Amino acid sequence: MEHEVLRRGREVGGPALRSKTFHERADLLSDLAVRVRSARADLLAACAEDGVAPADAAHDVDAGIAEVRGLANRAKRELPDDVVLVAAETTPLNRGGSLVAQRLSTSPTGVVVHVTALGLPVWSTLRGVGAALLAGAASVVKPSRHTAAATRALVSCLDGVAQVVPDTAVLDLLTPGDTVSFSGSPETARRVRDRLDQVPLLTDTGSLGWAVLGPDVEAGTPAFDRFVARLVADLTGHAGQRPLAARRAMVPAALLDHVVDAVRDALAGVEVGPVARPDRLLRAVKSLRDAAEVVFGDPGRGPVLLRAADPELPEPHTVEAFGPVCTVMPWSSVEHAGSLVSRGDRAITGWAATSDPDLLRALVLAGGRFTQLGHGREAPALDPVLGFLRTGELRADPDAVGAVTGRWVPGGARRTSEVHPLRKYLPELRVGDTAVAGPRVVTAEDVRRFADLTGDHYYLHTDEEAAARNPVYRGIIAHGYLVVSLAAGLFITPEQGPVVANYGMERLRFLAPVRPGDALTVTLTAQRITPRPNAGYGEVRWDVDVANQDGTSVVRYELLTLIADRPAG
């Protein structure tokens, strides 16, 4: 069975996905979300078969649907409509620019095997399968035995995108082109790694997530109540086994007992479902008692809240209790809070209830990936997609790099013709199409009139004596935006035509000063062409290089336009 599953993934599913662009894969992911949504009732029933409480099942399924929708939307915004992900810039490798380096990311040639998490099986499976789909890889899912019904029901909705296998025997059949994505304990991750031979392993092995209460929050305020409510949700949702739940809560020392009392009161009478590995949980709580006092609960019957008077003791930061357990501890300064966060080296992520800029900075410097509480659902990250892609570097001449990436690369061949490239409709336009215009002499009167028009009378443009004392420029120079405007006047064609809109500039650099008397020549080159199906136009990115009479580049930027597919009407 495993052989056939892998064969279909490598020879059928994978090639079909790799033939599509990132945007086409995002459309497939959006369709997948619709299919899962239509099967919601069946998924909830399967979760109930696994013993999951109705509220937890609903949260898991809905979070999974939101995850893939968000992932698809973000891919449309941030990934190209291409099969290759190209780094923003090339790097010249020699003085003349005849050899350049370009980093590229492409789809893997094998399958992605997902060993799914115990908590939130629908969300974690959809997150992994969705990321693999965007990366152009077919998925194989090995579910946890505790959530097998929910995972199988989900995979049945993903026909053609994912397949399910009953056990980890599939790991012994993988090749270096495949990838394993694992969520679970570090011990299990080590066993999985030992079975793999040159197969990449991506892991989420932490269950020491964290929460931090900021110095700007006072007891009894709405922000304090939200912090307590989120801790209670982490302790009770999905039997306290959500992968991103906070196991450590760091709070200002003055509020330690306020937080403990509020959480304890909120937990009174709350029941949670059965824990999958109660023996492991009991051992973890026993170890935590060496550093903290149990102030609420019994690991055999419900949530457990601990109070650690000394946050420096190691156990709360190293003992993983994958279940409804949280240790509350004090911090004495924002730097101390950051250091406590960083001690949980297995923490996946965390969340903070604060708007204090010093604390937020300390948490970032501690290496934490976190969400500021009170700002809605966190947008899905593209990190898993990038992790599945294969990244390498191409070193070649600019034309060879351009042939691979479909982009014009500085130093590459340019093509000029009698038809100005801005007079060409999208199907006629080619990467490398170029117009050269100029020269245009910049006069002192140009500079004076631009200063009067804009109100920019900065001394370098208007005061000869003061400008002469400037240690860099030593004289009057033209406004940078005057140069940009003059360049536009040189390459723009005034008649109505293919250009629908000019919607911005990127990577603008003023490379050398322009003085009265300098003659400007502009070179406009089609750098990248991105059709927008069914929109009637496409995006064209242009390289704009403005040079003086000596051939020295003085301004360079990328111009962003929309070009029509055909004449209007």
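How many bridges join strand β9 to strand β10 (residues 246-252)? Four bridges join the two strands, which run parallel, and two strands are said to pair if DSSP finds at least two bridges between them.

This is a predicted model, in which local features need a pLDDT of at least 70 and side-chain atom pairs count only at pLDDT 80 or more, while totals for chains, interfaces and linings use all residues. Residues are numbered from 1 along each chain as its sequence is written, and side-chain values use heavy atoms, with hydrogens and water left out.

**The chain as a whole**

The chain holds 19 helices and 21 strands, where helices (H or I, at least four residues) and strands (E, at least two) are DSSP runs numbered from the N terminus. Along its principal axes, the C-alpha trace spans about 85 × 60 × 50 Å. Of the 569 residues, 50% count as buried; buried means under 20% relative accessible area, exposed means over 50%, and partly exposed lies in between, using a 1.4 Å probe and protein chains only.

Strand β9 (residues 209-213) is mostly covered, since five of its five residues are buried. In a regular strand the side chains alternate between the two faces of the sheet. In β9 both faces are covered, with G209, A211 and L213 buried on one side and W210 and V212 buried on the other.

Strand β10 is likewise mostly covered, with seven of its seven residues buried. Five bridges join β10 to strand β13 (residues 325-331), and these two strands run parallel. On its other pairing, β9 meets strand β14 (residues 350-353) in the parallel sense over four bridges. The table gives bridge partners within these pairings.

| Residue | Bridge partner | Strand of the partner |
|---|---|---|
| G209 | A246 | β10 |
| L213 | A353 | β14 |
| V251 | P330 | β13 |

Helix α5 (residues 121-135) has 15 residues and reaches 21 Å from its first C-alpha to its last, close to the 21 Å expected at 1.5 Å a residue; the expected span is 1.5 Å times one less than the number of residues. Of the 15 residues of α5, 14 are buried, and just after the helix G136 takes a positive phi of about 90°.

A nonpolar core is a set of buried Ala, Val, Leu, Ile, Met, Phe, Trp, Tyr and Cys residues joined through side-chain atoms within 4.5 Å. The largest one has 46 residues, of which L32, V36, L126 and L158 touch the most other members. The elements that give two or more residues to this core include α2 (22-38), α4 (54-78), α5 and α14 (383-388). Helix α5 provides the largest share of this core, eight residues.

**Aromatic rings**

Which kinds of aromatic pair does the model contain? Rings of Phe, Tyr and Trp (its six-membered ring) pair if their centres lie within 6.5 Å; planes under 30 degrees apart count as stacked, over 60 as edge-to-face and the rest as tilted. The structure holds three aromatic pairs. In one of them, the rings of F227 and W351 have their centres 5.3 Å apart and their planes at 55°, so the pair is tilted. This pair links distant parts of the chain, with F227 in helix α8 (residues 222-236) and W351 in strand β14, 124 residues apart. Both F227 and W351 are buried.

Another pair, formed by Y481 and F510, is edge-to-face, with 5.5 Å from centre to centre and 85° between the planes. Because Y481 lies in helix α19 (residues 480-491) and F510 in strand β18 (residues 499-510), this pair ties together parts that are 29 residues apart in sequence. F510 is partly exposed, with a relative accessible area of 42%.

Elsewhere, the charged end of R25 sits over the ring of F22, 4.9 Å from its centre; this requires NZ of Lys or CZ of Arg to be within 6 Å of the ring centre and within 35 degrees of the ring normal.

**Cysteines**

A disulfide is counted for a pair of cysteine sulfur atoms within 2.5 Å, and by this rule the count comes to zero disulfides. For C47, the nearest cysteine sulfur, that of C157, is 11 Å away. C47 counts as buried because its relative accessibility is 1%, and C326 also counts as buried, at 1% relative accessibility.
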